[in-house]
Amino acid sequence: MYLLPRSLGASRFVREYLEGAEAANSFFRGSPFRLESYLRKAKELDRARGPATFAAAAEVVRPVGLRAEGALGRVTGEGGYFVTTGQQPGLFGGPLYGLYKALTAVRLAEDLEAALARPVMPLFWVASDDHDWAEANHVHVVDGSDELVRVSLGGASAGSPRPLGRAKLGGAVAGALDRLAHALRRNDFHTRYMDGLRDIFVPAATMASAFTDLLCELLGDTPLGLVDACHPLLKEACRPVFRAEAEDPRASEGVLRDTSEALRAGGYELQAPLVPNATLLFADLRDGRERLESLDNGFRLMRSGRVLSRRRVLGLIDADPESVSPNVLLRPVVESFLFPTLAYVGGPGELAYFGQLGGLFRRHGVGMPVVAPRASLLVVEPKVARVLEKFALTPGEVRDGDALLSRLARDRLPEEAKETIARWQAAVEAMGGELAAAVAAVDPTLRGAVTKARNAGLASLGTLEKKIVRAVRRESDATRARIDRARVNLWPAGKPQDRVLSPLQYLVRHGPGFPSRALADIRIRLSGRRALPRPGRKE
């Protein structure tokens, strides 16, 4: 097994940002590949430090293991920084990209700690206040027959959408575990991981708590810390941001609109379209989690239509902050408000919407972190590598299987057939030209008829060639099976591997060393002058 770095496949805005284009970079904090960006951000955080800088971190960060406990102690005790990332919880760990986010944050934190001579800890924000059950309730694996299998819990048990930090897995999780166990090929690691999952994903657990416990198991030897977005103490610490939004939601709408207009003026599309009068807050009340819409004298819950006074919403924030949560645009601001955040690691969509947030950060008196791309790795297993080698293919060529099979079939046409078709095409074109010249003297209008007949002949010849290719393909079922096997493992459902398949796919097949293998293959290109150690600090 080997892992290949691959492009994230981002929008033009994000591609230009990562390439260093000035127009795109103006919406961000600085290039994620230049140490100067992080040094400037570190100085800003140092100037803003106060007695309560690490209060939230000390209370709400859950270290995944002993290394993480030590990292948290150094950051809070010596005045360090955090590199944050995050994802909503997902069944059995969700897709691979969540793991890659966490590992990229680990790698970036390690590199920055060495470069800045200050403690830097990676944090993973578990978005347990998200309520998208349909996105979280399933996982995909490739079974022993190289078929893509979807394992799902089905619909939510509650009638109203609830945060994943409150959504119990329920009895359906036992059946999902059985289906997953059946799909994953049995080997020396199968029992270990399935037993571990059965201990974690129990009916009484929430989607968020089980997801968090699994991350601790998978990444326990890293310095990663976990943050539960529904943690009561975290929600209490968020009150100032929530109150500012509730007291003047139009202010945030205004700064977001200004930035959006600047993006459009630069020829860029918005990742997160703005909804008029929609605030950046959700409330989880009797009808479930709903976004608040701003009215002249209060708010309306956007799904149920209930109207709440401004006093009522401010009272919720003061007395029951656990019922209030930020939307996707406000969440990064909350993170940087709570933690001295040096950098945020995100996927292509997150990088795009960060570009919309400069004004929102300033509105809340918080500096935007440096925004870095997560790693994207393509896992190539031995059976897939053999197919690529046999047909001299790159992983990207396998994505469009039908086009690839047609090309391979053409390559395998008998040489005599290929030469004859080529001569026939050349003869039709040459003779068509000769006839057109000959008839021009008789009647110039006949040239068009000759050209039409020539083109019809070439089209018929092309159709005949396709029929011959299809005949060759029919005789190549073994080739099709090999290509299909490679495609489902590299591009399941035609999508990037890390957006579909579960990390369990590789943990069960190859053992617990998979996260370490992935971390070793994550490289972040940082250029520029490194910081000197602070006086009195040992290297």
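Student: Which residue in S7 does Arg 62 stand opposite?

Tutor: Arg 62 stands opposite Leu 226 in S7. Keep in mind that this is a predicted model.

Student: What makes S2 and S7 a pair?

Tutor: Two strands pair if there are at least two bridges between them. S2 and strand S7 (residues 225–228) have 3 bridges, in the antiparallel sense, so they meet that cut-off.

Student: And why is S2 called an edge strand?

Tutor: The open sheet has 6 strands in the order S2-S7-S4-S3-S13-S14, with mixed pairing. Strand S2 (61–63) and strand S14 (370–373) each pair on one side only, and they are the edge strands. From one strand to the next, the twist averages 30°.

Student: Which helix packs on the sheet, and which strands does it touch?

Tutor: That is helix H3 (residues 35–48), which touches strand S3 (81–87), strand S13 (341–346) and S14. The direction of H3 makes about 130° with that of S13.

Student: On to the aromatic rings. Why is the pair of Phe 124 and Phe 211 called tilted?

Tutor: A search of the whole structure finds 11 aromatic pairs. In the pair of Phe 124 and Phe 211, the ring centres are 6.2 Å apart and the planes are at 40°. Centres within 6.5 Å make a pair, planes under 30 degrees apart would be stacked and over 60 edge-to-face, so the rest count as tilted. The angle of 40° therefore makes this pair tilted.

Student: What parts of the chain does the pair link?

Tutor: Distant ones: Phe 124 is in strand S4 (residues 120–126) and Phe 211 is in helix H10 (residues 207–218), 87 residues apart. Phe 124 and Phe 211 are both buried.

Student: Which residues do ring pairs link into a cluster?

Tutor: The cluster holds Phe 13, Tyr 17, Phe 27, Phe 28 and Tyr 268.

Student: How do you know that the charged end of Arg 525 sits over the ring of Phe 33?

Tutor: The distance cut-off is 6 Å from the ring centre, and the charge must also lie within 35 degrees of the ring normal. The charged end of Arg 525 is 4.6 Å from the centre of the Phe 33 ring and sits over that ring. Likewise, the charged end of Lys 390 sits over the ring of Phe 391, 5.7 Å from its centre.

Student: Finally, how do you know that the buried residues of H9 line one face of the helix?

Tutor: The buried residues of helix H9 (residues 190–200) are His 190, Tyr 193, Met 194, Leu 197 and Ile 200. Seen down the axis of H9, they fall within an arc of 125°, so they line one face. These buried residues pack against helix H8 (172–183), H10 and helix H23 (504–510).

Note on methods. Residues numbered from 1 in each chain as written. Predicted model: local features only at pLDDT ≥ 70, side-chain atom pairs only at ≥ 80, totals over all residues. Heavy atoms only, no water. Phe/Tyr/Trp six-rings, centres within 6.5 Å; stacked < 30°, edge-to-face > 60°. Helix = DSSP H or I, 4+ residues; strand = E, 2+ residues; numbered from the N terminus. Buried < 20%, exposed > 50% of the residue type's maximum accessible area, 1.4 Å probe, protein only. Arc of directions from axis to C-beta. Contact = heavy atoms within 4.5 Å. Axes fitted to C-alpha atoms, helices over the stretch in contact; angles between N-to-C directions.
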